[in-house]
Amino acid sequence: MTTGTNSSRKMAGTAALLALAAVLPLAITEPSQQNFLILILMGAQMGVAWNIVGGYAGQVSLGHAVFYGIGAYSSTMLLTTLGLTPWIGALAGGLLAAVFALAMGWPCFRLKGHYFAMATIAVAEIMQILVTNSDALEGAVGLYLPMDRSGWGSLIFLSKLPYYYVILGLLVLTVLVSWAIERSHIGYYFRAIKDEPEAARALGVSLTRYKLIALSVSAFLTAMGGSFYAQKEMFIDPGSVFATTISIKIALIAILGGVGRLMGPVLGAVILITIEEYSRTLFGSTGSGTDMIIYAAMIILVAVFSPSGVLGLLGDLHRHWGRHLPGAKPDEVKTSTKEARP
Amino acid sequence: MTADILIQVLVSGLLIGLIYALVAVGLTLIFGVMDIVNFAHGEFLMLGMYASFWAFALFAIDPIVALPLTALLLFAVGVIVYQTVIRRILKAPMLSQIFATFGLMILLRGLAQFFWKPDHRLIPHSLVSGNIALGPVQFGLPQFVAALGAVGVTGALWMFLHRTRLGTALEATAIDREAATLMGIDGQKMFALAWGIGAACAGLAGGLIATFFPIFPEVGSNFILIAFVVVVLGGFGSVTGAFLAGIIVGLIEVLGGFLIGPEYKTAIVLSLLLVVLLVRPRGLLGKA
């Protein structure tokens, strides 16, 4: 698909990006701006995790908040009741979310397209209602993390910088998992399931099995993102981690950047979080609705004009201009018009 | 004594169920004709409520009297939405289609919040108000009139689809788009018509409940998930199915809330969605 020089150029680009990300908070020291960078990394991590099932395997989940919430509640409950460190709590939450994904995916993967998407919304909404009415999980009141126990053991910090590096590490881990899947035979099966499910089935690929793998890996990583959210905010309630708006945002980040592309969601997060935060500070968030209007206009524009996301758009431009450059190979950039088909 | 309470519960379930049916028939019509799920459908209902509110606040027109106006207005909104956005995503991937209507949902909410503030509003003195008592069973007159209106509109839609030339053309498009095109039916026109009628039905539902339900920009979110359940249970694309399913969902919601607890009533309805999707994905009267 890609030539050797192209992939080594990609590696160099990724390394440069990572180095930039590592030194960025040393240049940007204002806490509110560091917080903004953290929000971008959080969004990117969720998007890359969603992309594994929604992008590669083409199974559109609009209920990923259920995994996010399971992660946030698991690590927080283990920390507040047993004093267990979130390093282990996040793994436990990830495992619980993966098991939940298997239980939920087993019946739901019989559904296709819209039906699957709707079923995932329903599962997440039901979960939000159950948690809201659960006394053991403090219901609608929510859970507070112990602020007085700050440090690397409890993963609670009073400054932004440590959070930045923790989420950067989690993002790198998520991208690596996603990259490994993309390159392995599992990745080929995922794409086969998405593009030619009948042909894949005829060749003996168990569709359900690979869809379940995609969903549970994605759920595991999404739950770890949820645990990080709890650690950073030091407070969670059902509305802040289980809401359908979060599920939508997770999927939107991926589609905005480019579904089924490794770094698409990262670009999507940069764009979405920037617009979200700036429209909020420019126009004020207190119920004027302006931030919603801008957010919505952006969603509609991407959906109508660039179904393959901003990366797809850049790819098309590159292909278009590349043709006019001497020695350009138009085949280098793969088109992606079929990427997001059900 | 308990029988009285049960009848009371069933009556209120029936009344709200008929409203759900009216919201859902528009949604199912749009899906049936063009395979697009409209996430912004609750916002058409919200716009219908605001149309009633402003007709009342500015011109002192009662919501019931304003209904034809509300229907016309929302028909226009539906057609405009189709022409500006939906027409461009007919052949787009499913993900783009979901996000286009999802974006519309947020856009309409945002616009409502921008122009009309997020406050809850009420229409204070409507022509219909007060309670009716039938023996031991009591219910509000506004709810009763709204349910009656919902039956009337759904019935009229059924007549239109089955007894008029234009309606039959719309049905034909829903059954087989290509064959309908070969018969000389203009697909684009039918799609626009489906959006106009769908939006008008949701708007009428909004106008009907505006006499007793608070009006605010996010009011549609209360109805959209339930409308999905109704559409799935009734069978995607089936108007008759949606009508029956609306009543069933209304009854289950109220009865479940009564037996298990009102805080769980939405969860019960959504569980019904999952059960139907898994056991009988084509719903009661859907196409196989």
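This is a predicted model: local features need pLDDT of at least 70, side-chain atom pairs count only at pLDDT 80 or more; totals for chains, interfaces and linings use all residues.
**View 1. Where chain B meets chain A.** Here's the contact between the two chains, built from 36 residues of chain B and 37 residues of chain A. On the chain B side, α4 (94-116), α9 (221-234) and α11 (265-279) each put in at least two residues. The largest share of that side comes from α4(B), with 16 residues. Sorted by class, the chain B residues touching chain A come out as 27 nonpolar, six polar and three charged.

**View 2. Helix α5 of chain B and what covers it.** This helix runs over residues 141-163, 23 residues in all. From first C-alpha to last, α5(B) reaches 32 Å, close to the 33 Å expected at 1.5 Å a residue. Its buried residues include P142(B), Q143(B), V145(B), A146(B), A147(B) and G149(B). Further along, A150(B), V153(B), T154(B), L157(B) and L161(B) are buried too. Among the elements covering these buried residues are α1 (2-34), β2 (137-140), α6 (165-175), α8 (187-209) and α10 (239-260), again of chain B.

**View 3. I19(B) in the largest nonpolar core.** That core has 210 residues, and I19(B) and V230(B) are the ones with the most contacts inside it. Helix α1(B) gives the core its largest share, 16 residues. Which residues does I19(B) touch, not counting those up to four places away in sequence? They are A146(B), A147(B), A150(B), A205(B), L208(B) and I209(B). Of these, A146(B), A147(B) and A150(B) are also listed among the buried residues of α5(B).

View 4. The unreviewed UniProt entry carries the annotation "transmembrane region" for several parts of chain B, including residues 44-61 and 136-161. In the model, residues 44-61 are 89% helix and 0% strand, with the end C-alpha atoms 20 Å apart. Residues 136-161 come out as 81% helix and 15% strand, and there the end C-alpha atoms are 39 Å apart.

**View 5. Helices α3 and α5 of chain A, side by side.** Helix α3 (residues 65-82) packs against helix α5 (residues 113-132) at an angle of about 35°, their axes 8 Å apart. From α3(A) come A65(A), V66(A) and G69(A), which meet V123(A), A124(A), M127(A) and V131(A) of α5(A). By class, that's six nonpolar residues, one polar and no charged ones.

**View 6. Two residues with positive phi.** Most residues other than glycine have a negative phi. M234(A) isn't a glycine, yet its phi is near 60°. It sits in the loop between α9 (207-233) and β2 (235-236) of chain A. Over in chain B, A60(B) has a phi near 55° and belongs to the loop between α2 (41-59) and α3 (67-84).

View 7. E276(A) belongs to helix α12 (residues 264-283) of chain A. Setting aside neighbours within four places in sequence, E276(A) is in contact with D291(A) and Y295(A). The C-alpha atoms of E276(A) and I294(A) are 8.3 Å apart, although 18 residues separate the two along the chain. With 17 other C-beta atoms within 10 Å, E276(A) is partly exposed.

Definitions and conventions:
Residues are numbered from 1 along each chain as its sequence is written. Chains are lettered from A and ligands numbered from 1 in the order in which they are written. Two residues are in contact if their C-beta atoms, placed from the backbone, lie within 7 Å. Helices (H or I, at least four residues) and strands (E, at least two) are DSSP runs, numbered from the N terminus. Ala, Val, Leu, Ile, Met, Phe, Trp, Tyr, Cys and Pro count as nonpolar, Asp, Glu, Lys and Arg as charged, and the others, Gly among them, as polar. The expected span of a helix is 1.5 Å times one less than its number of residues. A residue is buried if 20 or more other C-beta atoms lie within 10 Å of its own, exposed if 12 or fewer, and partly exposed in between; C-beta atoms are placed from the backbone. Axes are lines fitted to C-alpha atoms, for helices over the stretch in contact, and angles run from 0 to 180 degrees between N-to-C directions. UniProt positions are given in the numbering used here, feature names are shortened, and annotations may be inferred rather than shown by experiment. A nonpolar core is a set of buried Ala, Val, Leu, Ile, Met, Phe, Trp, Tyr and Cys residues joined through C-beta atoms within 7 Å.
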